[in-house]
Structures are given as C-alpha cells and as structure tokens.
Amino acid sequence: MTALALDLARALDPVALAREVGMIPDDWQARVLRSRSGRILLNCCRQSGKTTVAALLSVHTAVYRSGALVLIVSASERQARELFRCALVAYRTLGRPVPSEAENALSLSLENGSRIIVVPATAGTVRGYAAAALLVIDEAAQVPDELYATVRPMLAVSGGRVVLMSTPFGRRGFFFEAWRSEEPWERYTVPATEVPRIPAEFLAEESRTLGEWWFRQEYLCQFLDATSAAFRETDIEAAFDPEVVAWSL
C-alpha cells in the first residue's frame, strides 16, 4: 500500500489508524472509533481502554480536520495529561502525518491549524476557548457540574462532538443524569467482566478485598447510592405520584 493510500485509509477509518499504532481494538472500541454520533457516553471500568480510544479520536480529529480544536478535560490535571500523553505517543508513532508547530506536556499544535489542548478542570480557564471540534471529559462523574455547564456552549456554533467517559461515582452529577436521560446519547457500558485483558482471578480478589459496593461501582459500572445515604434514590422517586398535581394559593 502506498503512503497516500495508507493515509487515505486512516482518514476514512479511525480503526485503521489504531492498527497503525499497534492497537487491536476490542469490538466496542472499534464501534466508538467509527461512530458518527456527536454525543457519546462511555461508562467503563478502569483499565478498559477508554483512555486509548479517546486519545485516538483526538489524534484523528486533529490530523484529518484542519483547524480543529480538541479539548481534553478531566477531574484532575494528572489524568488529563495522561490522556494527552497517549494522544502524543500515537501521533508520533504515526510518523507525525501532519507536521507540528509546537509540542509540549499540555498541548499539540499542527501546521493544519488544529490543536489538542489539556484544560484544567476549572470554569475560569475553560471560558477562554470556543468552537471546539471535539470535547473529551475524562472521569466525568467527578467533574463539577459547573464546569460541564461552562463547556457545553462551546459546541453550539462548531457543531462539535462531546465524549463523556467515566467509571460511575454514585447516582449524582451530570454524567449520571446524562446516562439516565432520554437525550440521544450513544451509550456504551464496558464492565471488567467483558475486558479480556483483566483476569477473572484478579476480579475475584478485588471483589473480596473491596467489598460488594465498591466492586460493583468500580468494576461492574453500576450507579449506586452513596454508602452514607439514608434512603435509596429509587425509594425516594417511588414515593412520588406523577399524576398528583401540586396546587398553590
């Protein structure tokens, strides 16, 4: 295959790009990479490969969409930097298909005008950006609702995509609300029991060590009430009759 044909294959199919960097995607990873949805929710256990998928989506967007702004946000800068590092490694492994103008620990600027930028998880720093082509929010269940409300408008004019990915962290916050909403999100659930790289023996040990509540949340991707909650949310919701109309004087 000529270099031109190879580049065209990458442009048309992000899975081809993944294979070029040595990754053989799981079925769900391939579906995410090939998805055309503008709204994606990844409810994934740790070590499922969601960071790698988001990194490859970021690189594919920046390389094959001139002038694209890709923003990476996470609950912690360390996690955001790790996702960006994966993206940078993939970009370099591909042989820098579009030359870079600048590369550092927090951003990558390409000659086609595209940028991949790590943004600290504070509303004040995010407000300086607009018209994002791709917004990736990692550990979304632990990102403040205020930040999410701040970044959403930057997709309005650009028609950009948003990927929210996380392990559950209770039945609260915008990630949980998006997951249970009727909005047209493309949803993926990837528990550890479906990740071939995680041995069953390890999961059995984790279940014994962590206890049922933490294991179900961290490894089985279940949204659970906080251990300190006096009442379960499902019980509270069941106490209300939707047919009863409140009257005020």
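A residue counts as buried when its relative accessible area is under 20%, as exposed when over 50%, and as partly exposed in between (1.4 Å probe, protein chains only). By this criterion, 47% of the 249 residues of the protein are buried. The model is predicted: local features need pLDDT of at least 70, side-chain atom pairs count only at pLDDT 80 or more, and totals for chains, interfaces and linings use all residues. Residues are numbered from 1 along each chain as its sequence is written, and side-chain values use heavy atoms, with hydrogens and water left out.

The protein contains 11 helices and 8 strands; these are DSSP runs numbered from the N terminus, helices being H or I with at least four residues and strands E with at least two.

Helix α3 spans residues 27-34, and its buried residues are Trp28, Gln29, Ala30, Val32 and Leu33. Among the elements that cover these buried residues are the helices α2 (14-20) and α4 (50-64), together with the strands β1 (39-44) and β8 (186-190).

Two packed helices are described by the angle between their axes and the distance between the axes. For α3 and α4, the angle is about 25° and the axes lie 10 Å apart, the axes being lines fitted to C-alpha atoms over the stretch in contact, with angles from 0 to 180 degrees between N-to-C directions. Therefore α3 is roughly parallel to α4, a term for angles under 35 degrees. In their contact (heavy atoms within 4.5 Å), α3 contributes Trp28, Gln29, Val32 and Leu33, while α4 contributes Lys50, Val53, Leu56 and Leu57.

Key. Angles under 35 degrees count as roughly parallel, over 145 as roughly antiparallel, 65 to 115 as roughly perpendicular and the rest as oblique.
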